[in-house]
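Have a look at the fold before reading on.

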Amino acid sequence: MKALYIASTGMAAQERNVEVISNNIANMRTTGFKRQRAEFQDLLYQSYRRAGASTSETGTQVPVGIEIGSGVRVSATARIMSQGNVAPTEKENDVAIRGEGYFMVNMPDGRTAYTRDGTFERDATGMLVTVDGYQVEPGIIIPADATSVSISRDGIVEGFINGNTEPVQLGQFQMARFVNKAGLESIGDNLFLETAASGEAQIGVPGVDGMGDLLQGYLESANVNAVTEMADLISAQRAYEMNARVISGADQMLQATAQLR
């Protein structure tokens, strides 16, 4: 009985859906996290009677055919790249992006990764790095004797050196944006990689050519809505239960048929 196999694809799809939702909920407090959504497609159909088939010699046709589907599959886990809430941290090295764009990070293997997580620190040389120690491009060094370090909305980093009365520019953030930012590859650690689907990175400075601006002393929260995720979780559970009932019902029908024999 095909119903057994069709319902099993529904259970497998909803299991994947619950995994996606659980990952969203687990990352509710992850800085710069972007939620995912499972998307589904129906599988192949077996046609028992094609629409438009001739039914008489006079040319009459079947207006509606008979097609039986073979189930469902998860076609994609699209990442929703909407802006998360921006919350103050009172930490001068924390930077949030308000609008489009990603910080660029130099990975140990030479690749460039991209992130919305602006939780930055200074290493032993004063270089701005991520919490994993990866250099933030284009390489901004804040000397040990720098005081009152400020980061403007357009990414210019300034500070007072050796007690000077005038601030000194220490560098400027660069950012990247993509034609299809949902096509970026997630590699964990709040980092993304460029792919053929995302398109090449378009490099610029904050506040110019569509880039977002920066907010010092703030961080972007995850764009996960707890109420929405719980509603989606309940819907996925109900769909899983209904598919399980179909399997149970199909099994009972098979048992009844066997008893008749």
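What share of the contacts in the protein with a separation of 6 or more comes from residues 24 or more positions apart? They account for 62%, where contact means heavy atoms within 4.5 Å.

A word on ground rules: this is a predicted model, where local features need pLDDT of at least 70 and side-chain atom pairs count only at pLDDT 80 or more, while totals for chains, interfaces and linings use all residues. Residues are numbered from 1 along each chain as its sequence is written, and side-chain values use heavy atoms, with hydrogens and water left out.

**Overall shape**

The protein comes to two helices and 20 strands; these are DSSP runs numbered from the N terminus, with helices being H or I of at least four residues and strands E of at least two.

| Property of the protein | Value |
|---|---|
| Radius of gyration | 27 Å |
| C-alpha box along the principal axes | roughly 95 × 45 × 35 Å |
| Residues that count as buried | 34% of 261 residues |

The radius is taken over C-alpha atoms, and the globule rule is 2.2 Å times the number of residues to the power 0.38. Buried means under 20% relative accessible area, exposed over 50% and partly exposed in between, using a 1.4 Å probe and protein chains only.

**Helix H2**

H2 covers residues 226–260, and its 35 residues reach 51 Å from first C-alpha to last. That is close to the expected 51 Å, the expectation being 1.5 Å times one less than the number of residues. At the start of H2, a side-chain oxygen of Asn225 comes to within 3.0 Å of the backbone nitrogen of Val227. Glu229, Leu233, Ala236, Asn243 and Ala250 are the buried residues of H2, and they pack against helix H1 (2–26).

**Arg35**

Arg35 sits in the loop between H1 and strand S1 (36–42). Why does Arg35 count as buried? Because its relative accessibility is 15%. Leaving out residues up to four places away in sequence, its contacts include Glu229 and Asp232, along with Asn24 and Arg79.

S13 (residues 156–161) and S14 share four bridges, and Gly159 stands opposite Val168 in S14.

Technical notes: A polar contact is a pair of N or O atoms within 3.5 Å; within protein, one must be able to donate a hydrogen and the other to accept it, and residues adjacent in sequence count only if both atoms are side-chain atoms. Two strands pair if DSSP finds at least two bridges between them.
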